Amino acid sequence: MSLMNNLSTSMISSSSSAFLAPVSFNSRTQSVTVSLKSINIVKCVATPQEQQTAAYKTNVSRNANIAKLQAGYLFPEVARRRVAHLVKYPNAQVISLGIGDTTEPIPDVITSAMAKRSHGLSTLEGYSGYGAEQGEKALRAALASTFYGNLGIEEDDIFVSDGAKCDISRLQVVFGSNVTMAVQDPSYPAYVDSSVIMGQTGQFQKDVEKYANIEYMRCTPENGFFPDLSTVARTDIIFFCSPNNPTGAAATRDQLTRLVQFAKDNGSIIVYDSAYALYISDDKPRSIFEIPGAKEVAIETASFSKYAGFTGVRLGWTVVPKQLLFSDGFPVAKDFNRIVCTCFNGASNISQAGGLACLSPEGLEAMQEVIGFYKENTKIIVETFNSLGFKVYGGQNAPYVWVHFPGRSSWDVFSEILEKTHIVTTPGSGFGPGGEGFIRVSAFGHRENVLEACRRFKQLYN
Ligand SMILES: Cc1ncc(COP(=O)(O)O)c(C=O)c1O
């Protein structure tokens, strides 16, 4: 029997990477079978071993900025190692608490609305083709009233999209290659990588594990995961994510007030990523626009991915207030609109029907239930690592648990955990040099997988 035949019958966990084969699941408590025959790994353009040896070469030179990228984008690299592990241990029951993909079914009230819209497309009355690039009016209005009700954000400040990650790249196209940028360290890798691709940075400096010309704002347990702004150099753009991926830290009102003032003092633009805002369970701001004056210095990007399981459906939005101006007085929103119209043709009409259903009273309740489920997972993971004596951060306002392994390489810890427990986590250093010595454990997973993972963590570290 071939190795791949062996592999094809293995049971693996539910939260597989978007880069792996599609998974099927029936309920919140069931394990998931994945046919490993159909696993495909996306090969990263900058991974050295991917170089082709084709005899014929075009005369087109490679984009020098893309060539600056180090190894693979973090999550495909984690996925690659997971598959290599499965090749080594074909019968392993691998549990993925790594990549941060959602696992729970989309509530019926939301899928029903998408199905209805989808069936409508087969009728003359229900058919629609290209829609407004900025999104459907009803959805923009519902987003404005649901999330920014009394914050002065209007329907036409909101651009509906196919997700926050896509909008981060479109914003980078708006800013161009001549801006400087700052980023929390550690942070979601898309900010740094898109900045490199745009040509905003210098080369990667191996000794410090940083790209030249990016201001890394160190976020550690010592500073409460909020950068010491007195030591941060001025940049044009400041990427800021709260609740943060990977640390799980949510900034306080006072911290965000200081951030907005810092941006104003420096004439900078904040790109505020609020993809996990609804996971906040205390009184921390859910939007940067809760801070007075933020509309003149900030853009906010958000997503249905982690609220309603839309990682595959794809729907998000970005708020670019009309008060936000470039140095020549030109509205940033007008340039964003131009890029949206040029590079994007609007979010899927079926996804938008789903988004609208998410914002109905029943939809909001259903989303809270999904979020509540993942938050219970988070609690189980936090309690497990606490009981083992680890220092654990995050978890309270985000679906990520940030576990400290002082003095150890996070890729080594990642490998140790994978090798000894068959659990996939994410190494902290993949989120920036400030993540060294940590691993991120995602709370996205079926309950029984999370419980089993915690049993294995206890066996390993007791
Ligand atoms: C901080 C952050 N922003 C954006 C995204 C991407 O969201 P979307 O699925 O809407 O592209 C993620 C996904 O993990 C994330 O963690």
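Modeller: Before we start, a term: helix axes are lines fitted to C-alpha atoms over the stretch in contact, and angles run from 0 to 180 degrees between N-to-C directions. Helices themselves are DSSP runs (H or I, at least four residues), numbered from the N terminus.

Colleague: Thanks! What kind of model is this, and how are residues numbered?

Modeller: This is a predicted model, where local features need pLDDT of at least 70, side-chain atom pairs count only at pLDDT 80 or more, and totals for chains, interfaces and linings use all residues. Residues are numbered from 1 along each chain as its sequence is written, and side-chain values use heavy atoms, with hydrogens and water left out.

Colleague: Let's begin with H5 and H11. At what angle do they cross?

Modeller: Roughly 35 degrees, with the axes of helix H5 (residues 137-148) and H11 coming within 10 Å.

Colleague: And which residues make that contact?

Modeller: From H5, Ala138, Leu139 and Ala142; from H11, Gln352, Gly355 and Leu356. Contact here means heavy atoms within 4.5 Å. The set divides into 4 nonpolar, 2 polar and no charged residues. In this scheme Ala, Val, Leu, Ile, Met, Phe, Trp, Tyr, Cys and Pro are nonpolar, Asp, Glu, Lys and Arg are charged, and the others, Gly among them, are polar.

Colleague: What about H4 and H11, how far apart are their axes?

Modeller: They are 8 Å apart, and H4 (residues 108-120) packs against H11 (residues 349-358) at an angle of about 145 degrees. Residues of that contact include Val109 and Met114 of H4, and Ile350 and Ala353 of H11. By class, the contact of H4 with H11 has 8 nonpolar, 4 polar and 1 charged.

Colleague: Switching topic: which residues come nearest to the ligand?

Modeller: Asp273, Tyr276, Ser303, Ser305 and Lys306, out of 14 residues around the ligand. A residue counts as near if one of its heavy atoms lies within 4 Å.

Colleague: How far is the side chain of Ser305 from a ligand oxygen?

Modeller: An N or O atom in the Ser305 side chain is 2.6 Å from an oxygen atom of the ligand. For Lys306, a polar side-chain atom lies 2.7 Å from a ligand oxygen, and for Arg314 the distance from a side-chain N or O atom to a ligand oxygen is 2.8 Å.

Colleague: How much of the ligand does the protein bury?

Modeller: The protein buries 93% of the 400 Å² that the ligand exposes when taken alone. Those areas come from the Shrake-Rupley method with a 1.4 Å probe. Helix H6 (164-175) and helix H9 (305-308) are the elements giving two or more residues to the shell.

Key: Polar contact = N/O pair within 3.5 Å; in protein donor to acceptor, adjacent residues only side chain to side chain.
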